[in-house]
Amino acid sequence: MQLAKGLRCILAPNASPMTYTGTNTYLLGTRDIAVIDPGPPDEAHLASIMDALSAEQRISHVMVTHSHIDHSPLAMTLAQITGARVYGFGPSKAGRAPVMASFADLGGGEGIDESFLPDVTLAHGAQVQGTDWSLTALHTPGHMGNHLCFHWPEGEALFSGDLVMGWATSMVSPPDGHLTDFMASLDMLAARSGDKTYYSGHGAPIEAPAARVQELIKHRRMRESQILDALRAAPSTPQELTARIYTDVNPALLPAAQRNVIAHLIDLTERNQVKPQETLSAVSRFSVI
């Protein structure tokens, strides 16, 4: 799909309730090509990426927003084939909040690419350039500790990964997801100006990104209010809160919803608004302070 001058998108064949129609793999540039989020280790998808190159084009950079298994596994294979280097914030546990040590054995979630190791680590504000494009890395943890967004000034756009998507609110799943960081990252994007389009990890381009960021902030504050109201009525576990709040959700998605509730409870605990009755864990009973 041609999205803009110098920008194409190839949809990975990994549609699911968590990935929507599949992972968006972006090809940026007309000569030196940056592949943004190569996607899962799928041979057909790899072939689609390589077939998209014309005779005068080469893959010069492999950029990864974050290392969930639907975004990064193909990066190393693509680098080996093309000789390009892989760029990212760091390995899968880079940027993880210290509080998540209590949830390291939680399991489940979206699946982490444990083998991911970029050739070039990008700090916040780092710039990467090709022959006719440039990208600035923005460290935006929350969905995952090593999550980056990439600002593309020539396109007046931002590659927003899974931090901001149009089709759904982003998953914040401990231990790799941290809601306190997520909200701070949204606030950082809200303070920006000049980004006319967000190209996200899943779904269609977001043509009103500032409004979408505000929607996500409002949604999270609404969930927080629901959780606090429920806890004022009675101390509860994450499972009990999920059943009480997510009454209109497909039962198959309740485990994912529960992880969002856990993320809120961790955030509220860190902000001294709630407390676990014993130790902080995914099965603790929480009450308001």
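**Strand β4**

I began with strand β4 (residues 32-36), which is mostly covered, with five of its five residues buried. I took buried as under 20% relative accessible area, exposed as over 50%, and partly exposed as in between (1.4 Å probe, protein chains only). Helices (H or I, at least four residues) and strands (E, at least two) are DSSP runs, numbered from the N terminus.

The model is predicted: local features need pLDDT of at least 70, side-chain atom pairs count only at pLDDT 80 or more, and totals for chains, interfaces and linings use all residues. Residues are numbered from 1 along each chain as its sequence is written, and side-chain values use heavy atoms, with hydrogens and water left out.

**Neighbours of β4**

I listed the pairings next; two strands pair if DSSP finds at least two bridges between them. Strand β3 (residues 24-28) pairs with β4 in the antiparallel sense over three bridges. Leu 28 stands opposite Ala 34 of β4. The hairpin of β3 and β4 has three residues between the strands, and Gly 29 there takes a positive phi near 115 degrees.

Strand β5 (residues 58-63) runs parallel to β4, joined to it by five bridges. I noted Met 63 in β5 as the bridge partner of Ile 36. From β4 the chain crosses through helix α1 (residues 43-51) to β5, a right-handed β-α-β crossover. Right-handed means that, with the strands pointing away from the viewer, the path from the first strand over the helix to the second runs clockwise.

**Cysteines**

I searched for disulfides, defined as a pair of cysteine sulfur atoms within 2.5 Å. The count comes to zero. Cys 9 is in no disulfide, and the nearest cysteine sulfur, that of Cys 149, is 16 Å away. That is too far for a bond. Cys 9 counts as buried at 5% relative accessibility, and Cys 149 counts as buried at 0%.

**His 151**

I found His 151 in strand β10 (residues 148-152). His 151 is buried, with a relative accessible area of 19%. Its side chain makes a polar contact of 3.5 Å with the side chain of Asp 195. For a polar contact I required a pair of N or O atoms within 3.5 Å; within protein, one must be able to donate a hydrogen and the other to accept it, and residues adjacent in sequence count only if both atoms are side-chain atoms.

Contact means heavy atoms within 4.5 Å. Not counting residues up to four places away in sequence, His 151 touches Ser 134, Leu 135, Thr 136, Ala 157, Leu 158, Arg 192 and Asp 195.

**Helix α6**

I checked helix α6 (residues 254-270), which has 17 residues and is mostly covered, with 13 of them buried,. Just after α6, Asn 272 takes a positive phi of about 60 degrees.

**Backbone in loops**

I noted a cis peptide bond between Pro 174 and Pro 175, with omega about 5 degrees. Pro 175 is in the loop between β11 (157-161) and α3 (179-190).

Tyr 20, in the loop between β2 (7-11) and β3, has a positive phi near 65 degrees. Tyr 20 is partly exposed, with a relative accessible area of 40%. Glu 156, in the loop between β10 and β11, has a positive phi of about 50 degrees although it is not a glycine. Glu 156 counts as partly exposed at 35% relative accessibility.

Definitions and conventions: Expected span 1.5 Å × (residues − 1).
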